[in-house]
Amino acid sequence: MPTLRGLSPMDYALSYLTTRDRTVWEMQTYLETKEFGEADIDRTIDRLKELDLLDDRKFAAQFLKTRLATKPISRAHLKQQLLQHHVSKEDIEEAFCEIPEDAEERNAIELAEKFYRQFASFEPEKRKLRVLGRLQSRGFGYDVCYRALEAAMEESEEPV
C-alpha cells in the first residue's frame, strides 16, 4: 500500500537495505515506524526473504566475520550483540559454525600482544594486570586471557 509520498513498503525496505544488511526484526521495526499495516509489512518481509535480501543467518555470519576482523571480542560478547539484533539462537549457532574454533584464542593473543606493547612503560606486574583487564573487558575468559598474556610475553621475549 503506497504512502502519501507514493512509496511502498518495498521501496522503503530496499532503501533501508542499501547501507547494510538487516535482520528481520530490524526491518519489521523500521517499516512499523513508517506506519505501514501489519499485512503490508509481512508481505514485504516475505518477498525480501524470497529474493534472498533478508536472512538472519546470513546477517549473523557476516556480522561475525566483520566484527572479528575489525574489533576482536569474545564469542560471548559477539553472541550478546547478535541477540540484541534479535537474531535467533539457532541462527547464531549456525553462524558460529563457520568461524574456526581457535579464532577466539588467536584474537585474544593478537590483542594481548597489542596491549602488552601499549603498556610497555608500566611496571611488570601492573602491565600484566592491565593486559588481563583489557582482555577481560572484551569478554574473554580468564584462562584464554592468561594464555594470551603468556603468548604476548613470549613474543616480546620477556619472562613470565
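Buried means under 20% relative accessible area, exposed over 50%, and partly exposed in between, using a 1.4 Å probe and protein chains only. By that scale D52 is partly exposed, with a relative accessible area of 42%.

This is a predicted model: local features need pLDDT of at least 70, side-chain atom pairs count only at pLDDT 80 or more, and totals for chains, interfaces and linings use all residues. Residues are numbered from 1 along each chain as its sequence is written, and side-chain values use heavy atoms, with hydrogens and water left out.

**Positive phi in two loops**

D52 lies in the loop between α3 and α4. Helices here are DSSP runs (H or I, at least four residues), numbered from the N terminus. Phi of D52 is near 60 degrees, a positive value in a residue other than glycine. E35 also has a positive phi, about 65 degrees, and is not a glycine. E35 sits in the loop between α2 (24-33) and α3 (38-50). E35 is exposed, with a relative accessible area of 73%.

Two packed helices are described by the angle between their axes and the distance between the axes. Axes are lines fitted to C-alpha atoms, for helices over the stretch in contact, and angles run from 0 to 180 degrees between N-to-C directions.

| Helix pair | Angle | Axis distance |
|---|---|---|
| α4 (residues 56-70) and α6 (residues 89-97) | about 45 degrees | 8 Å |
| α4 and α5 (residues 75-84) | roughly 135 degrees | within 11 Å |

The pair α4 and α5 is therefore oblique. α4 and α6 are oblique to each other too. Angles under 35 degrees count as roughly parallel, over 145 as roughly antiparallel, 65 to 115 as roughly perpendicular, and the rest as oblique.

The crossing of α4 and α6 is right-handed. In a right-handed crossing the near helix is turned clockwise from the far one by less than a right angle; anticlockwise is left-handed. On the α4 side the contact (heavy atoms within 4.5 Å) uses D56, R57, A60, A61 and L64, and on the α6 side E90, D91, E94, A95 and F96. By class, this contact has five nonpolar, no polar and five charged residues. Ala, Val, Leu, Ile, Met, Phe, Trp, Tyr, Cys and Pro count as nonpolar, Asp, Glu, Lys and Arg as charged, and the others, Gly among them, as polar.

The crossing of α4 and α5 is right-handed as well. Here F59, A60, F63, L64, R67 and L68 of α4 meet L78, Q81 and L82 of α5. The α4 and α5 contact has seven nonpolar, one polar and one charged residues.

**Nonpolar cores**

A nonpolar core is a set of buried Ala, Val, Leu, Ile, Met, Phe, Trp, Tyr and Cys residues joined through side-chain atoms within 4.5 Å. The largest has 16 residues, and A112, F115, Y116, V131, L135, F140 and L149 touch the most other members. Helices α7 (103-118), α8 (124-137) and α9 (142-155) each give two or more residues to this core. The largest share, six residues, comes from α9. A second, separate core of 15 residues includes F59, L68, I92 and A103.

**N107**

N107 is in helix α7. N107 is buried, with a relative accessible area of 9%. Leaving aside neighbours within four places in sequence, N107 is in contact with L68, P72 and F140. N107 and L135 are 28 residues apart in sequence and 9.9 Å apart in space, C-alpha to C-alpha.
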